[in-house]
Amino acid sequence: MIETRALRFSYNGREVLRGIDFKAKSGEFVAILGPNGAGKSTLVKCLSGILRCGGVRILGRPVEDYSQRELARTVAYVPQSAERSFMTVFDTVLLGRKPYMSLTPSRKDLETVEAVLKRLGIEHLALKRTNEISGGELQKVGIARALAQETEILIMDEPTNNLDLKSQLEVMRLAREFSEKGLSVVVMHDVNLALRFAGRFVFMKNGKIVADGGREILKPSLFREVYGVDVAIEEVRGVPLVVPL
Ligand code: ADP
């Protein structure tokens, strides 16, 4: 349902995505991993149509063919850091309903917002302004807004940054739950959190995908190649745990 073929992207003439072949479908939970500057954020911005990169197809159609409204009903993107404003949390999440709204929000729009605020445990913040809440709370507001969009595809860039341990687990569970019906793609720095929840791992380095697969691809040699560190991979309660040495 999302596909790129030999995707290339440059900022000011500097190529940062150098031939990306990526395909993912509904039912998958994909974690994109790799060192800083590998091109992960750029890739997910291309996948979600934030950057017009060319060569990205969503549900079989080129991203460029989608209207903004159509795209927002299909793909939700949660950036690394959401913007703060004088708007309340409720109204910010309601913006996620914009692709469905006419002039005023319908009962369904309001109920959807209430449900996602509850789902993320932030209903008590509904009337606070987004410039009056903590970084972790703001992160949850961004995720709530994306869920309110009711898309088939959810793409999140480092969604667990700023979050306490419990909230990290909640967000990863939410992304996994989302992938039971749709496609979840997350950029992650925390390898172990990714391993515990995602089903597929895409490792990037220098604008290329260097490995793509399930847990079977996790080898110390891969971590040496991608991150330049030696690791041991142990199993704890059936889950692989990567321990830097
Ligand atoms: P990652 O998410 O893996 O850390 P990014 O996709 O953010 O990597 O960045 C890839 C490369 O592109 C880096 O070298 C970064 O400096 C560069 N880059 C990212 N955003 C911009 C931008 N808006 N303008 C110019 N260069 C950028």
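**Close-up 1. Helix 1 gives the most to the shell around the ligand, with three residues.** This is a predicted model, where local features need pLDDT of at least 70, side-chain atom pairs count only at pLDDT 80 or more, and totals for chains, interfaces and linings use all residues. Residues are numbered from 1 along each chain as its sequence is written, and side-chain values use heavy atoms, with hydrogens and water left out. Helices (H or I, at least four residues) and strands (E, at least two) are DSSP runs, numbered from the N terminus. Around the ligand you'll find Tyr11, Arg14, Val16, Pro35, Asn36, Gly37, Ala38, Gly39, Lys40, Ser41 and Thr42; to be near it, a residue needs a heavy atom within 4 Å. Sorted by class, that's four nonpolar, five polar and two charged residues. Here Ala, Val, Leu, Ile, Met, Phe, Trp, Tyr, Cys and Pro count as nonpolar, Asp, Glu, Lys and Arg as charged, and the others, Gly among them, as polar.

**Close-up 2. Alanine 38, lysine 40 and threonine 42 each put an atom by a ligand oxygen.** For threonine 42, an N or O atom of the side chain is 2.5 Å from an oxygen of the ligand. Lysine 40 also uses its side chain, with a polar atom 2.8 Å from a ligand oxygen. Alanine 38 brings in its backbone instead: an N or O atom there lies 3.0 Å from an oxygen of the ligand. How much of the ligand does the protein bury? Taken alone, the ligand exposes 560 Å², and the protein buries 63% of that. Accessible areas like this come from the Shrake-Rupley method with a 1.4 Å probe; for residues, only the protein chains shown count as cover.

**Close-up 3. Arginine 97 pairs up with glutamate 150 in a salt bridge.** Side chains of opposite charge can pair when their charged atoms come close. The rule is a side-chain nitrogen of Lys or Arg within 4 Å of a carboxyl oxygen of Asp or Glu, and by it the count comes to 13 salt bridges. In this one, the closest N and O atoms are 3.0 Å apart. The two partners sit 53 residues apart, with glutamate 150 in the loop between helix 5 (135-148) and strand 7 (153-157), and arginine 97 in the loop between helix 3 (89-94) and helix 4 (107-119). Is arginine 97 buried or exposed? Arginine 97 is buried, at 2% relative accessible area, while glutamate 150 is partly exposed at 40%. Buried means under 20% relative accessible area, exposed over 50%, and partly exposed in between (1.4 Å probe, protein chains only). A network of salt bridges links Arg97, Lys108, Asp109 and Glu150.

**Close-up 4. Glutamate 177 and arginine 119 form a salt bridge between distant parts of the chain.** Their closest N and O atoms are 3.0 Å apart. Glutamate 177 belongs to helix 6 (residues 165-178) and arginine 119 to helix 4, 58 residues apart. Both partners are partly exposed: glutamate 177 comes in at 44% and arginine 119 at 36%.

Close-up 5. Lysine 166 is exposed at 61%, whereas glutamate 170 is partly exposed at 30%.

Note on methods: Polar contact = N/O pair within 3.5 Å; in protein donor to acceptor, adjacent residues only side chain to side chain.
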